[in-house]
Amino acid sequence: MFKKFKGITFLVILMAFVLFVAGCNNSGGGSVDVGIVLPTKDEPRWVQDEQRFKDALADSDYSTEILFSQGSSAKEKENVEALLNKGIKVLIITPHDGAAAASAVEAAKKEGVTVIAYDRLITDTDAVDYYVTFDSLAVGAAQAQYLVDNAEGTDVPLYLYAGAASDNNAFLFFEGAWKVLQPKIADGTFKIANSSEAEALKDSADLSRDQLGKIIGQITTNWDANEAKNKAQTHLTAASDDLKGDVVILAPNDGTARSIADVFASDGAITSYFVTGQDAEKASIQYIIDEKQSMTVFKDVRTLVKDAMGMAVEILDGKTPETTGSYNNGEVDVKAKQTDVIVVDKDNVKSELIDSEYYEASEFTGLE
């Protein structure tokens, strides 16, 4: 009788231990409904998104967990696996590398998880269900149109820069810009200053993926401010006098725009410059107010987060999300929900960013 009692006691203790370990491995004891994987904590944009995602589900019965990949596709895959182990039903992911992320989302699809690509498209796989994005072609077109609208005369030196060759958005941004710039290069308004590949293709309005890749390979910043700075310094050092004076600069985002602007501003042979950006980063808004950066493309991330989380909730509720278009990712046409973009410069910075309560006026100096 005593031995039997000891055996039962052992089983009870063992079961309690197993339950305890399971509880420790389950993030507070409950499964996670929505897993979110963001590319890095090193850019303000993604840190801001983290809080917005948390706020978006604050009043919901659904749970979420957010992990950062820190610029590593291997870490990204680990993050997805960790979230799958917590029983997620929806995965929202911004890939570090659009193609490399395919294996991670394929693992999610095998588990029956609905995959939403957020802000960057995952390519070369049929394992992506939805894509929530700003209209990336429109972003590039808006940047280019700003340069066209502010160019005076002919043979205006045009410096081209792009995002990372591993990011599908970088191709879309540049493609959108090229369609607007190319006619003005062809008619002599602009003179390409820093890309032999772009110069060789200046008579082609429509570029193939391979052709875009050749240009981007020459002018990539990898979304890195230091790399952008070094590239701009190299280009200006090599530039002849006829490629200085009054210039225009296609910079892909705000972080690179500020670095590039600083380099051009420090060159005594540059008499004026117009430089583009995107993301409406706080530091760049100050640069725009101070007339160091010309414009930014404001993508109201509040709307994008709302769209992504709204889509996730609809999926969890058993509904079919509404979409507004599609993007071919090299394997399938991915249904997409697109969010509009807004050009912001010194003239409308207050109405678009302060009056809309995206930022507070007290965060800036010199704001009229």
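The model is predicted. Two cavities of 30 Å³ or more are counted, and a search of the whole structure finds eight aromatic pairs.

**Largest cavity**

- The largest cavity holds about 130 Å³ of space.
- Its lining comprises 13 residues, and those closest to the centre are Trp46, Arg120, Trp223, Asp279 and Lys299.
- By class, seven of the lining residues of the largest cavity are charged, three are polar and three are nonpolar.
- Helix H2 (44-56) and helix H6 (168-186) each contribute at least two residues to this lining.

**Second largest cavity**

- The volume of the second largest cavity is about 50 Å³.
- Helix H6 gives the most to the lining of the second largest cavity, supplying three residues.

**Aromatic pairs**

- Phe53 and Tyr118 make an edge-to-face pair, with 5.1 Å from centre to centre and 65° between the planes.
- Phe53 belongs to helix H2 and Tyr118 to strand S4 (residues 114-118), so this pair ties together parts that are 65 residues apart in sequence.
- Phe53 counts as buried because its relative accessibility is 0%, under the cut-off of 20%.
- Tyr118 is likewise buried, with a relative accessible area of 0%.
- Phe173 lies in helix H6, whereas Trp223 lies in the loop between helix H8 (209-219) and helix H9 (225-238), so the pair ties together parts that are 50 residues apart in sequence.
- Both partners are buried: Phe173 has a relative accessible area of 8%, and Trp223 has a relative accessibility of 15%.
- Phe298, Tyr358, Tyr359 and Phe364 are linked into a cluster by ring pairs.

**Charges over rings**

- The charged end of Arg45 sits over the ring of Trp46, at 4.2 Å from the ring centre; Trp46 is also among the residues closest to the centre of the largest cavity.
- The charged end of Arg209 sits over the ring of Phe171, at 3.7 Å from the ring centre.

Methods
Residues are numbered from 1 along each chain as its sequence is written. This is a predicted model: local features need pLDDT of at least 70, side-chain atom pairs count only at pLDDT 80 or more; totals for chains, interfaces and linings use all residues. Side-chain values use heavy atoms; hydrogens and water are left out. On a 1 Å grid over the protein atoms alone, a cavity is a set of points where a 1.4 Å probe fits but cannot get out, and a pocket is an open set with protein on both sides within 12 Å along at least five of seven lines; lining residues have an atom within 4 Å of a point. Grid points are joined across faces, edges and corners, and a volume is the space filled by probe spheres set on the points. Helices (H or I, at least four residues) and strands (E, at least two) are DSSP runs, numbered from the N terminus. Ala, Val, Leu, Ile, Met, Phe, Trp, Tyr, Cys and Pro count as nonpolar, Asp, Glu, Lys and Arg as charged, and the others, Gly among them, as polar. Rings of Phe, Tyr and Trp (its six-membered ring) pair if their centres lie within 6.5 Å; planes under 30 degrees apart count as stacked, over 60 as edge-to-face and the rest as tilted. Buried means under 20% relative accessible area, exposed over 50%, partly exposed in between (1.4 Å probe, protein chains only). A charge sits over a ring if NZ of Lys or CZ of Arg is within 6 Å of the ring centre and within 35 degrees of the ring normal.
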